[in-house]
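Trainee: Could we go through this model together? I would like to begin with the charged side chains and then turn to the core and the strands.

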Amino acid sequence: EELEKNGIVATVETVAGSTAPQQGGYFGDGGKATAAGLDTPLDVAVGPDGSLYIADASNCVIRKVDPAGTISTLVGVPRGGASNCKQVTHPNATIGRPNAIALGCDGSLYIASRSWIHAPDETVILRYAPQGYLERYAGGGGNATTPCIGTVDDGEDPLDYRLCGNGTYGLAVAPSPSCDLYLSAEGHDNYGQGYATVMRIGADRRLHRVAGSTTQVGYAGDG
């Protein structure tokens, strides 16, 4: 389909997911991505080779479309709906509901994995390494009274704290040479105080707050 605005013509095409009626779901691995079933694709990322990565959220998996247009499941095990998404890093490398993804400079894929049951140790950020293993990168520390990642001081270990609320819906990786990971964090702390922040995890694997307040939510502060 072609769209035109201000004299600029753009072509829109489907690159993944079936457009046939009632064709959502989980199927199609090994075939054309445009004939595959997806369920709530929340985020995408594109690799340097042109591969497309899809956070297939309600299927609880990450799908990959290679440059030839073939789709496969990169990580996760389909769980039959978002309400069954549950983080289990080992032994079968299932993930929770992937809210967001970002590609690292070394080819790692960062996954904001939300546990549907809001277990404090299961809403986390995972790193899927190029070597094919999955590790916890942030969140999942402590228990239900452990402070939230978006409220802690600079220099803290992200593995010691929780990703509260619905986890994070925003991930981004800075260009080389820093390759730092940025994440959005929002929710309420243990005292009911709302917060909304953007945090950075640097090469030191420590948290650094770069935007937002740990004590209020709203629109303020420009300039």
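Trainee: Is arginine 127 buried or exposed?

Mentor: Arginine 127 counts as buried, because its relative accessibility is 12% and buried means under 20% relative accessible area, with exposed over 50% and partly exposed in between (1.4 Å probe, protein chains only). Please note that this is a predicted model, where local features need pLDDT of at least 70 and side-chain atom pairs count only at pLDDT 80 or more, while totals for chains, interfaces and linings use all residues. Residues are numbered from 1 along each chain as its sequence is written, and side-chain values use heavy atoms, leaving out hydrogens and water.

Trainee: Which side chain meets arginine 127 in a salt bridge at 3.4 Å?

Mentor: That is aspartate 106, with 3.4 Å from N to O; a salt bridge here is a side-chain nitrogen of Lys or Arg within 4 Å of a carboxyl oxygen of Asp or Glu. The pair links distant parts of the chain, 21 residues apart: arginine 127 is in strand E9 (residues 124–128), and aspartate 106 is in the loop between E7 and E8. Helices (H or I, at least four residues) and strands (E, at least two) are DSSP runs, numbered from the N terminus. Aspartate 106 is partly exposed, with a relative accessible area of 47%.

Trainee: And what are the closest N and O atoms doing between arginine 127 and glutamate 135, how far apart are they?

Mentor: They are 2.8 Å apart, in a salt bridge between arginine 127 and glutamate 135. Glutamate 135 is partly exposed, at 22% relative accessible area.

Trainee: How many salt bridges does a search of the whole structure find?

Mentor: It finds 5. Among them is the one between arginine 200 and aspartate 180, whose closest N and O atoms are 2.9 Å apart. Arginine 200 lies in strand E13 and aspartate 180 in the loop between E11 and E12, 20 residues apart. Aspartate 180 counts as buried, at 9% relative accessibility.

Trainee: Changing topic, how many residues has the largest nonpolar core?

Mentor: It has 21 residues, and those with the most contacts inside it include Ile125, Leu171 and Ile201. The term denotes a set of buried Ala, Val, Leu, Ile, Met, Phe, Trp, Tyr and Cys residues joined through side-chain atoms within 4.5 Å. Strands E7 (97–103) and E12 (181–188) are among the elements that give two or more residues to this core. Apart from it lies another core, of 13 residues, including Val75 and Val124.

Trainee: In which order do the 4 strands of the open sheet run?

Mentor: The order is E11-E12-E13-E14, with antiparallel pairing; two strands pair if DSSP finds at least two bridges between them. The edge strands, each pairing on one side only, are E11 (171–173) and E14 (207–213). E12 and E13 pair over 8 bridges, and alanine 185 stands opposite threonine 197 in E13.

Trainee: Which residue in the turn between E5 and E6 has a positive phi?

Mentor: Glycine 69 does, at about 95 degrees, in a hairpin with 5 residues between the two strands. E5 (residues 61–65) and E6 (residues 71–76) pair in the antiparallel sense over 5 bridges, and valine 61 stands opposite glycine 76 in E6.
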